[in-house]
Amino acid sequence: MLPPRDGITTGGVNDFEFDAYGRLITTIPNGNAFAITDPVVPTQMIVVQRIIGGAQDGTSHNPGDFYAPRGVAVDPRNQEIYITDTGLDRVQVFDNQGNFIRMFGAGVSGNGLGFTAPTAIEVDSFGNVYVVTQEGLQIFNEYGQPISYGSIEGYVKDKSTNVPLDNAVVSISSTYRVFYTATDEKGYFRFNSVPQGDHTLIASRNGYQAGNVNLFVNGGFKTTTTIYMERTG
């Protein structure tokens, strides 16, 4: 439990994340707020730097007010803070000092996004925002625009002989969840439901140097590729 401050009961911490500065960002559902601490040293030395929010009845829909916020995520690119404002059906975004920037979701007037009750949230290295909502997992760009999915399929082959390589592990690490698969006896692999955007595929196999390829996935379309690998030694 964080120490009380400004009359806000700070018990009931639900989710937290550390930013690049070593600060703890945590939601406080019971206090309808979130907190930014000073850089964390030993846990008993946690000092609250700032609390944002605190409207107790959940009736205010103003930026920076919350009703039972749940999830927190930090954009690794710029340290912007994303908070799921669960009771008000929206996601609010703040800069690394806790100043409001923007928000999106069904609870935002004129937004048009159909998600409700967002809970868990994560942001990947490309700024894609993954939100668990009452309707399921949804993906948005940093401005709250829905991201569609595409697929990737292709082959892994020996660069010198053009022979397909089976049992090569192919991964996509450019998303929040790392995708893995292995090639079949024909060297074929496939990924379904890949978020639209730029991705890097990496193939690895015993006796070969890792191979990689960069490509762009269009939502609703299939992208095909071939990854070539060179033998070691």
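1. Contact here means heavy atoms within 4.5 Å. Leu137 touches Tyr130, Val131, Val132 and Tyr149, leaving aside residues up to four places away in sequence. Between Leu137 and Ala120 the C-alpha to C-alpha distance is 9.2 Å, at a sequence separation of 17 residues.

2. The model is predicted: local features need pLDDT of at least 70, side-chain atom pairs count only at pLDDT 80 or more, and totals for chains, interfaces and linings use all residues. Residues are numbered from 1 along each chain as its sequence is written, and side-chain values use heavy atoms, without hydrogens and water.

3. Val132, Leu137 and Tyr149 make a nonpolar surface patch of about 250 Å². Patch members have over 30% relative accessible area and no salt bridge, and nonpolar side chains are joined within 5 Å. A salt bridge is a side-chain nitrogen of Lys or Arg within 4 Å of a carboxyl oxygen of Asp or Glu. Areas are Shrake-Rupley values with a 1.4 Å probe.

4. Leu137, in strand β11 (residues 136–140), is exposed at 53% relative accessible area. Val132, in strand β10 (residues 129–133), is partly exposed at 35%. Exposed means over 50%, buried under 20%, and partly exposed in between.

5. Elsewhere, β5-β6-β7-β8 is the order of four strands in an open sheet with antiparallel pairing. Its edge strands, β5 (72–74) and β8 (100–104), each pair on one side only. Strands are DSSP runs of E, at least two residues; pairing needs at least two bridges.

6. Strands β6 (residues 81–85) and β7 (residues 90–94) pair over five bridges, antiparallel. Tyr82 stands opposite Val93 in β7.

Definitions and conventions. Patches are made of residues with over 30% relative accessible area and no salt bridge: like charges are joined within 9 Å, nonpolar side chains (Val, Leu, Ile, Met, Phe, Trp, Tyr) within 5 Å. Buried means under 20% relative accessible area, exposed over 50%, partly exposed in between (1.4 Å probe, protein chains only).
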